[in-house]
Amino acid sequence: MAQKNLLEINECGIYCPQADVYIDPWKPVDSAIITHAHSDHARPGSRKYMAHEDSEAILKLRLGQDIQLETTDYYTPHTINSVRISFHPAGHITGSAQIRLEYKGEIWVVSGDYKTEGDSTCAPFEPVRCHTFITESTFGLPVFKWQPQEEVFREVNKWWKENAAMGKTSILCGYALGKAQRILASVDPEIGKIFVHGAVANVNAALQQNGLKLPPVTYAGPDIPRKEYPGSLVVAPPSALNTSWMRKFSPYSTAMASGWMNTRGTRRRRAVDKGFVLSDHADWQGLNQAVKETGCERVLVTHGYTAVFSRWLQEQGLNAQEVQTLYNEELEEI
Ligand SMILES: [Zn+2]
Ligand SMILES: [Zn+2]
């Protein structure tokens with residue numbers, strides 16, 4: 001290409017040569033703009049970081065208290081070497097952002113991870129008009145179609161109530177950052193007590209420091225007598241499944257909340273008694289809607305079902321291509 005692109009992918013990540021900044025770099029760089037605090041997007045070792053203000057405490061928890069971090073709200077433009085850079089709500093997790101870059105009238109948007117259905121733990125996704133849209137495609141297959149979350153949580157509440165009636169503890173697993181808070185903010189606290197695993201308690205504390213509102217929950221620490229657990233809900237990361245940590249909750253029933261709990265998730269579903277299809281990513285329809293609403297001419301498709309989704313977009317008449325990144329959506333949802 002004769003003219004330099006506003007963004008390019010190199011061995012360190014998504015790079016803007018004009019502003020000399022990276023977005024979600026996978027190797028340490030001089031200047032990193034972070035879309036959100038999930039570990040595949042926010043990696044340690046860069047000299048300085050810029051991120052949304054709601055993710056300040058969680059980024060410091062994960063990357064180190066001494067990182068050099070500049071925070072911003074949504075929409076305020078920051079001009080770096082004539083490139084106007086702004087953050088826009090991605091609806092994925094608390095503080096998640098799409099990054100908009102504008103230079104000489106040309107606009108690019110990097111989606112990071114996003115979800116088109118709103119929830120109370122983050123600002124709802126907003127489409128941003130652009131010429132080139134770099135989109136994720138974690139669930140970029142037509143088979144992925146989410147139910148409204150009200151329906152999912154009605155099922156979760158029903159499952160919890162049934163377990164409670166049988167004197168069982170309900171252990172619901174979901175990713176510690178994002179999914180866990182969405183669960184806590186959405187279940188019916190009238191059903192019983194809510195406990196959390198230590199990993200979830202740490203993330204909660206960081207997000208609450210930046211203003212996230214959650215219902216009261218108790219850390220399921222060693223000082224809690226076992227008789228407290230029957231009838232309660234315990235929210236834990238998937239890594240706690242089938243570990244000795246779970247013994248104290250016996251008798252219990254287990255469940256997992258993830259986008260992978262749908263028809264294609266049989267292998268993963270076998271590990272738990274029940275699966276709830278709940279994702280912090282857009283489903284097939286959400287991805288298509290998001291692309292359309294940007295009004296873009298060109299789409300670059302990153303992590304997920306990149307081949308299928310980019311081919312589909314080409315068939316819709318868009319200039320679409322796959323790009324290789326090191327983001328790992330599996331890590332997030334499981
Ligand atoms: Zn993510
Ligand atoms: Zn991701």
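**Before you start**

The model is predicted; local features need pLDDT of at least 70, side-chain atom pairs count only at pLDDT 80 or more, and totals for chains, interfaces and linings use all residues. Residues are numbered from 1 along each chain as its sequence is written, chains are lettered from A and ligands numbered from 1 in the order in which they are written, and side-chain values use heavy atoms, with hydrogens and water left out.

**Stop 1: the zinc ion (ligand 2)**

Select the zinc ion (ligand 2). Its protein donors are H41 (NE2), D113 (OD), D113 (OD) and H303 (NE2), at 2.1 to 2.5 Å. Donors are N, O and S atoms within 2.8 Å of the metal (3.2 Å for Na, K and Ca); water is not among the atoms, so sites may look incomplete.

Now check the angles. The four donor atoms make angles of 57 to 125°, and the site is irregular. Four donors count as tetrahedral if all angles lie between 85 and 135 degrees; four count as square planar and six as octahedral if opposite donors are over 155 degrees apart and all others between 65 and 115; anything else is irregular.

H41 sits in the loop between β4 (31-33) and β5 (48-52), and D113 in the loop between β10 (106-110) and β11 (132-137), so the pair ties together parts that are 72 residues apart in sequence. Helices (H or I, at least four residues) and strands (E, at least two) are DSSP runs, numbered from the N terminus.

Both residues are covered. H41 is buried at 1% relative accessibility, and D113 is buried at 0%. Buried means under 20% relative accessible area, exposed over 50%, partly exposed in between (1.4 Å probe, protein chains only).

**Stop 2: T35**

Stay in the loop between β4 and β5 and select T35. T35 is buried, at 1% relative accessibility. Beyond neighbours within four places in sequence, its contacts (heavy atoms within 4.5 Å) include H41, G95, S96 and G112.

**Stop 3: the two domains**

Colour residues 8-143 + 281-333 as domain 1 and 149-276 as domain 2. These bounds come from an automatic or database domain assignment. The domain centres, taken over C-alpha atoms, are 29 Å apart. Domain 1 gives 29 residues to the contact and domain 2 gives 23 residues.

About 2,200 Å² is buried between the domains, with 56% from carbon and sulfur atoms. Buried area is the accessible area (1.4 Å probe) that two parts lose on being put together, summed over both.

How many salt bridges are counted between domain 1 and domain 2? The count is two. A salt bridge is a side-chain nitrogen of Lys or Arg within 4 Å of a carboxyl oxygen of Asp or Glu. Next, select R182 and E117: they form a salt bridge, with the closest N and O atoms 3.9 Å apart.

**Stop 4: helix α3**

Select residues 179-186. Six of the eight residues in this helix, α3, are buried. They are K179, A180, Q181, R182, I183 and L184.

Centre on A180, which has a relative accessible area of 0%. Leaving aside neighbours within four places in sequence, A180 touches G174, Y175, V200 and V235.

**Stop 5: helix α1**

Finish at residues 56-63. A57, I58, L59 and L63 are the buried residues of α1. Their cover includes β5, β6 (68-72) and α4 (198-209). G64 follows the helix, with a positive phi near 120°.
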